[in-house]
Structures are given as structure tokens and as C-alpha cells.
Amino acid sequence: MNERNHTTTEDFSSLPPVIQPGYTYASITDKIAALVLTRRTPRSWFIGFAISFLLLMVFLFAVAYVVTTGVGIWGVNVPVGWGFDIVNFVWWIGIGHAGTLISAILLLLRQRWRTSINRFAEAMTLFAVACAGLYPLLHLGRQWLAYWLLPYPNTMGTWPQFRSPLVWDVFAVSTYATVSFLFWFVGLIPDLATLRDRAGSRLARIVYGVLAMGWRGSAIHWHRYEMAYLLLAGLATPLVVSVHSVVSFDFAVGIIPGWHATIFPPYFVAGAIYSGFAMVMTLAIPLRAIYGLEDFITLRHLDNMAKVILATGLIVVYGYLMEFFMAWYSGSPYEQSMISNRVHGPYAPLYWALLACNALAPQVFWSKRMRRSIPVLFVVSLIVNVGMWLERFIIVVTSLHRDFLPSSWGMYYPTAWDWATYLGSLGLFLTLLFLFIRFLPMISIFEMRAILPTPGENQKA
Amino acid sequence: MATKPPIYGLMAEFDTPDDILRAARAAFEAGYRKMDAYSPFPVEGLADALGFRHTRLPLVVLIGGVIGGLGGFLLQYYVSVIAYPVNVGGRPLNSWPAFIPVTFEMTILVAALFAVLGMLAMNGLPMPYHPVFNVPRFRLATRNQFFLCIEARDPLFDRDRTWAFLESLNPRGVYEVEH
């Protein structure tokens, strides 16, 4: 009966299934748990981890050098006081947004396809926010005084300036990191209990057991658990929109041409979701191939993500058009010269590359055939990641490098230390991600059980 | 202190969510109240079948949100008006529109903390030891099997009659749960 039901739904929608037919509660559990507990770690994991760890060491070296020497080692200078640090901060935090979006908004919208990808997307969020959070701290110059940003009664009698978007950022990013962690950890509790009950070694049983906190799947616990999860999703949904809006306020509240735009909050949020989904895709495609998860992360997921990328990409393009329109419509010569500088100025090649990456590349997703082609999906997702990074660079640097007076114009060139910090943060991100997929279930096991079609006779086997 | 019953309870094992739902309803109808069902994923209506209808968690989260929002705003008011007033372009000291982002973030933060900690506290977690884990097959409760445990402290509990009752529900097996 189970089989038949499944085929009829298939014929009806003609979409690939969210999960390949033939799985039972037991086989789903065993397959995902085995990735962590019993299956031999693939060689590609060791290679990937080694490279990531090397990059992480580069990062630590660059961080140590900037802490001991000062931000003078970076390319930032007088007209361009915000360089790679802010570019990377905004880029990383944007990448984080897809995780929360998949977890929270798609949960509230009852999109069952989110289940196979939400766990590692949430992990990606956490690690991306960790990378993002480091940049504002590093660019302080005197990093050991970072706690001055927090409101606490100090002996100097001073307090943070709550009218400043930079202080809003402190609250937005730390709230976002905390809530993302809570959401991720709450989602993990039942799966940690599964690992505890299935682990072979005593050490693994103890570690997973402590983390699972004695979860035993009681019906009443589940009842409260589901309520808590739903409420967290409801809280995370406005949060995710607010975080990138606040990040955009850092710019929009300034009177610099190119920053002072009311389109910024929605345009930044769309861009964040755009780059976040691109990153989920970039990670999901190799993961499903290496770990044989094609049955769980199906073409349906990739197809849906491609559609989200296309839709948010169009919103981002609308943002670009609005910047042109507002420069023209405002009649402000500074805005107009900023736009012409973007198009013709010294950073014009980057601007055109940005348009090619963000506006042109995702248009291939109008075609269903392209949305189902793994190489196309992977390449476009990489292009979008690059494009969104270029967008942050263009916004930060081209607006700063030409001030209102030509006497205060200048250029910004990143130094080797800028690059080391940037590539190194990729190492931090990937190292954490590799550790995550090695030690925790990268797909939510209990939610996969729950989305199985009606429990048929095959469950009894 | 009342004497401890010799065992924690009796546990029956079922194969499907439908079976456990039916069994829980039957046990509730038979008058058992001190019992719990265990499943590898949330089964809709199972808590309801055990007689557990409402959780006060939403109220707890609401209280958390109110505390966070008020706390966030009052903190900014105190800082900007009383403790460290700074005149920024002649704007009022209580420039509340500028305080909205932090107020909002604090609302979400405290509400989310209350949601998670409230859920864990109401569920009595973390709990390092629980008798149900003494049943060897209970390991499968986090994989694919469903369990119904009637506890010995239930007034209707009688080892033999409860055993027979659980057997009548057509389970895969019935087990004694030691303390």
C-alpha cells in the first residue's frame, strides 16, 4: 500500500521525491548514524580537513600578527577606512542567513523538503556567523578592549552610544549567533539520543549521552519539544530579517553616496538569502556525492534551491536598478558621480564582474534542464558566492574611495595580510564544518523519520 | 516516605505509530494515568491520548519576550537619559526610534532563551538516570520502535493484571522496568 501511494503522488506531481522510496524508520536511522559511528571516514574527508586546517593556521597567524602589530598591516587607509574586514563581515553574515531561512521560515511554511538540508545549513550558519563576528572585533585596532562595546557599569562612567548602528550590530549579531546555536542544538537533542543508543564505544556513548541530556522520546516531552521548536522558528524568522537589515543600517545611516539608500535593508536581506542558498548548494553537492546521500538530498532539493537563488537574484538585480534610478531621480550630483564612478571608475572591472556573476549567471535557472544538472548548479553556486563577495566589496570600497572633495580621493589595495585573513577565515569555516560532519549527524534523523510516507507493512520487517 | 514499589513499571513495545496511539488510548480508557509513551519521532496526538493537552510553554516564552523587550528598552533609556546623556545633533535624549533595533533583538534573545530553557526544565532534562533505560530493547526507542510504560505508582497498577492488559493490546513484547 505504501509503495502504491508513493507512485501515485509521483505521477501526480512529476517532481523528484523529497526522499527516495523504500526507506523505513530503521534504515534511515542506520544510514545517517553510520556516517558518524561506524562508516570509515572517507579519504576525501582527511584531505579536505588537512587543507582547511592549514588555512586555519594561516588565519591564526594573520590574527596574531594584526593583534600584535595593528591594522596598519592591512590595506585600509584614510579615504577607505573600511576594507576587507567589513567586506568579509557582511559576506559571511549573509551566507549564514540561508541556514536560518531553511530552518525557520520553511518550517513555518510546512515545506517538507527542508528536512534533508536544514541540519547542515544550520551548522553552516553557526560557523559563518563565527567567521563574521571575528572581523568587527579584529578591525577595532585594540581588540582586547572589545568588551567596551557591551553595556556594563564601568569605572570610567561611560556607556555605549545606542543611537549608533554599530552598537545595534553588536546586539544583532550576538543575538543571531545565540539563537542560531539554540535552534541548532535543540534540533540535535533527539539525534544525539539516537547516537547515544547506537554508539559502540564507551567514550562515544558517554559524550553523546551527556549532550543528549537523558532524552528518551517521551510523548509529553515531544509535545513540549515541538512547541519550543515552533516558537524558536517563529522567533528566528523576524530575527534573520532584522540582522541583515541592521547590518545594512551600518551603511544606510551614513550620508556617504552609495550607502545612503532606503532600499538597503530589503536588498541586503535578499542578497543574504541569495548568497546563503548558493553556499548551501556549494556544500550540499559534494557532500551528497561523497557520503552517498543522493536518496535524501534529491534533485528536488537542488531544484528548489535553484528556484530560490533565481528569485532572490532577481530581487538583488532590482536593488541595483534602484540604485541607478535613485541616483538619477534624486538629482544629487554626488550620487550620480558615485554611480558613474562605479561604472567607469578604477573599480569598474569588478563592478561588471559583479553584474555578470549576480545578474546574469543565475538566469540559467529559468531552464528546468539546468536546474537538474549537477555541474551547472555547482558552478553557478560558486559564481554567485564570488558575485556576492564582489557586491560587498563594491559597496564598501567604491563609496569610500572618492569622497565629496577630489582632494580626499584615494585607492584601496588589499595587502597579503588582508588576503590571509580572508582565506584563513574560509579555513576556520571549513575546519568547523568538517568536524561537524564527522562527529554529528549532518541530516536530521528524527525529522527524516517523521516525513516518511505512511508507515506501511515494511516497518514490521 | 511511602515505600517504593518493587519495580518502576511495565512496558509494552509496538511497531508502528498507529499501534502506540491505539494502545495509549486504550490504556487511558482503562483508567491508567501514570504512564508515558516513547517514540523515535513526535507522533501526532500521542500526548493527547495520554491525557496531556496543554503546555504552558507559550506563556513562558511570552513572559521571556516581555522581559527582554522591556529590559532592552529600559537599559537604553537609563544609559541615554540618566547615566550618560549625550546630545547628538540636538535630538531628544529619549530618542526611542533609535532604540528599536536593540529592543527588538533583546526581545527575541530572551524569548528564545526562555523557550529552550523552559522546555528543558519542564521536561525535567537533563536527567542523567531514568529507569526506562533498564529495558534492553528501549535502545530502539530512538530508532524505530514505540513503547508504552505504565508506572507502578499508578493506583490501578497491579503487576499481573496490568501485564495481562498490556498483552491484550497486541504488542511485540511486554517487559518489566526495574528501578
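Reader: Is A:H244 buried or exposed, and why?
Author: This is a predicted model. In it, A:H244 is buried, because its relative accessibility is 0% and the cut-off for buried is under 20%.
Reader: Where is A:H244 found?
Author: A:H244 sits in helix α8 of chain A, residues 219-252.
Reader: And what is A:H244 in contact with, leaving aside neighbours within four places in sequence?
Author: Its contacts include A:V90, A:I93, A:G94 and A:H97. A:F268 and A:R392 are also among them.
Reader: New topic. How many salt bridges are there over all chains?
Author: The count comes to 17.
Reader: Which residue meets A:K31 in a salt bridge?
Author: A:D295, at 4.0 Å from N to O. A:K31 lies in helix α2 and A:D295 in the loop between α9 and α10, so the pair ties together parts 264 residues apart in sequence.
Reader: How exposed is A:K31?
Author: A:K31 is partly exposed, at 25% relative accessibility. A:D295 is partly exposed too, with a relative accessible area of 25%.
Reader: What about A:D191, which residue does it form a salt bridge with?
Author: A:R119, with the closest N and O atoms 3.1 Å apart. A:D191 is in helix α6 and A:R119 in helix α5, so this pair links parts 72 residues apart in sequence. Both residues are buried.
Reader: Over to chain B. Where do B:D19 and B:R22 lie?
Author: Both are in helix α1 of chain B, three residues apart, about one turn of the helix. B:D19 counts as buried at 17%, while B:R22 is exposed at 55%.

Technical notes. Residues are numbered from 1 along each chain as its sequence is written. Chains are lettered from A and ligands numbered from 1 in the order in which they are written. This is a predicted model: local features need pLDDT of at least 70, side-chain atom pairs count only at pLDDT 80 or more; totals for chains, interfaces and linings use all residues. Side-chain values use heavy atoms; hydrogens and water are left out. Helices (H or I, at least four residues) and strands (E, at least two) are DSSP runs, numbered from the N terminus. Buried means under 20% relative accessible area, exposed over 50%, partly exposed in between (1.4 Å probe, protein chains only). Contact means heavy atoms within 4.5 Å. A salt bridge is a side-chain nitrogen of Lys or Arg within 4 Å of a carboxyl oxygen of Asp or Glu.
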